[in-house]
Amino acid sequence: MKKRLLVLLLCASGAMPSFAQQADDILGTWFTADNDSKVEITKKDGAYIGQIIWLSDPFEEDGKTPLIDDKNPNKELRNQPIQGMILMTGLKWKNGEWDDGDIYDPESGNTYSAMATMPDKNTIKLRGYMGFSLLGRTTTWVRAK
């Protein structure tokens with residue numbers, strides 16, 4: 001009875017997907033929250049990774065110089081273009097969600113632990129956090145058509 005009540009509460013709160021979710025449902029191309037970039041999620045060595053494949057504005061103010069990862073804590077990576085970089089690594093399918101990953105924020109140079117859920121087949125709720133998942137931020141990505 002308690003288990004059934006928990007499932008009903010999770011469904012009512014929107015925490016459970018509204019479709020029969022599979023591990024590879026996360027594969028594909030996704031617009032990030034601000035629609036200013038697209039991330040392609042692929043699978044490599046049993047984990048899911050995300051690579052920036054498009055930026056709405058990929059250049060510096062001169063219109064020619066590619067935006068670079070100038071805030072990267074690793075000095076050797078500070079000249080790497082943002083377009084083409086891998087920003088999400090290590091997500092693994094566990095108990096109906098993707099967990100144990102990392103996501104890099106090129107705007108701050110910080111890397112966060114990451115987990116993801118899909119409330120439907122065209123939406124990802126991606127949570128980045130430090131330490132505990134309660135101490136973080138959730139962003140929504142939408143599947144690119």
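## Basis of the description

Because the model is predicted, local features are given only where pLDDT is at least 70 and side-chain atom pairs count only at pLDDT 80 or more, whereas totals for chains, interfaces and linings use all residues. Residues are numbered from 1 along each chain as its sequence is written, and side-chain values use heavy atoms, with hydrogens and water left out.

## Overall fold

The protein chain contains one helix and eight strands, where helices (H or I, at least four residues) and strands (E, at least two) are DSSP runs numbered from the N terminus. Along the sequence these elements follow the pattern α-β-β-β-β-β-β-β-β. Of the 145 residues of the chain, 30% count as buried, a class that means under 20% relative accessible area, with exposed meaning over 50% and partly exposed lying in between (1.4 Å probe, protein chains only).

The eight strands form a closed barrel in the order S1-S2-S3-S4-S5-S6-S7-S8, with antiparallel pairing; two strands are taken to pair if DSSP finds at least two bridges between them. Neighbouring strands of this sheet are turned by 35 degrees against each other on average, direction ignored, the axes being lines fitted to C-alpha atoms (for helices over the stretch in contact) and angles running from 0 to 180 degrees between N-to-C directions. In general, strands of a sheet pair through backbone hydrogen bonds, either parallel or antiparallel.

## Strand pairings and hairpins

S1 and S2 are joined in the antiparallel sense over four bridges, and in this pairing Phe 31 stands opposite Lys 38 in S2. Their hairpin has five residues between the strands, and Asn 35 there takes a positive phi near 60 degrees. S1 also runs antiparallel to S8, to which two bridges join it, and the bridge partner of Trp 30 in S8 is Arg 143.

Strand S4 (residues 86-94) is joined to S5 by five antiparallel bridges, with Trp 93 opposite Trp 98 in S5. The hairpin of S4 and S5 has two residues between the strands, and Asn 95 in the turn has a positive phi of about 50 degrees. S5 in turn pairs with strand S6 (residues 110-120) over six antiparallel bridges, where Trp 98 stands opposite Ala 116 in S6. In the hairpin of S5 and S6, with four residues between the strands, a positive phi near 85 degrees is found at Gly 109. Strand S7 (residues 123-129) and strand S8 (residues 136-143) are also antiparallel, with seven bridges between them, and Tyr 129 stands opposite Gly 136 in S8.

## Salt bridges

The count comes to two salt bridges, each defined as a side-chain nitrogen of Lys or Arg within 4 Å of a carboxyl oxygen of Asp or Glu. In one of them, Lys 43 and Asp 24 have their closest N and O atoms 3.5 Å apart. This pair links distant parts of the chain, 19 residues apart, with Lys 43 in strand S2 (residues 37-44) and Asp 24 in the loop between helix H1 (2-13) and strand S1 (28-31). Lys 43 counts as partly exposed because its relative accessibility is 44%, and Asp 24 does so at 38%.

Asp 100 and Lys 94 also meet in a salt bridge, at 2.1 Å from N to O. Asp 100 is partly exposed at 40% relative accessibility, and Lys 94 is partly exposed with a relative accessible area of 38%.

## The largest pocket

The largest pocket has a volume of about 830 Å³. On a 1 Å grid over the protein atoms alone, a pocket is an open set of points where a 1.4 Å probe fits, with protein on both sides within 12 Å along at least five of seven lines, and lining residues have an atom within 4 Å of a point. Grid points are joined across faces, edges and corners, and the volume is the space filled by probe spheres set on the points.

The lining comprises 30 residues, of which Leu 87, Asp 105, Pro 106, Glu 107 and Arg 137 lie nearest the pocket centre. Strand S3 (47-55), strand S5 (97-105), S7 and S8 are the elements that give two or more residues to this lining. By residue class, the lining divides into 14 nonpolar, six polar and 10 charged, where Ala, Val, Leu, Ile, Met, Phe, Trp, Tyr, Cys and Pro count as nonpolar, Asp, Glu, Lys and Arg as charged, and the others, Gly among them, as polar.
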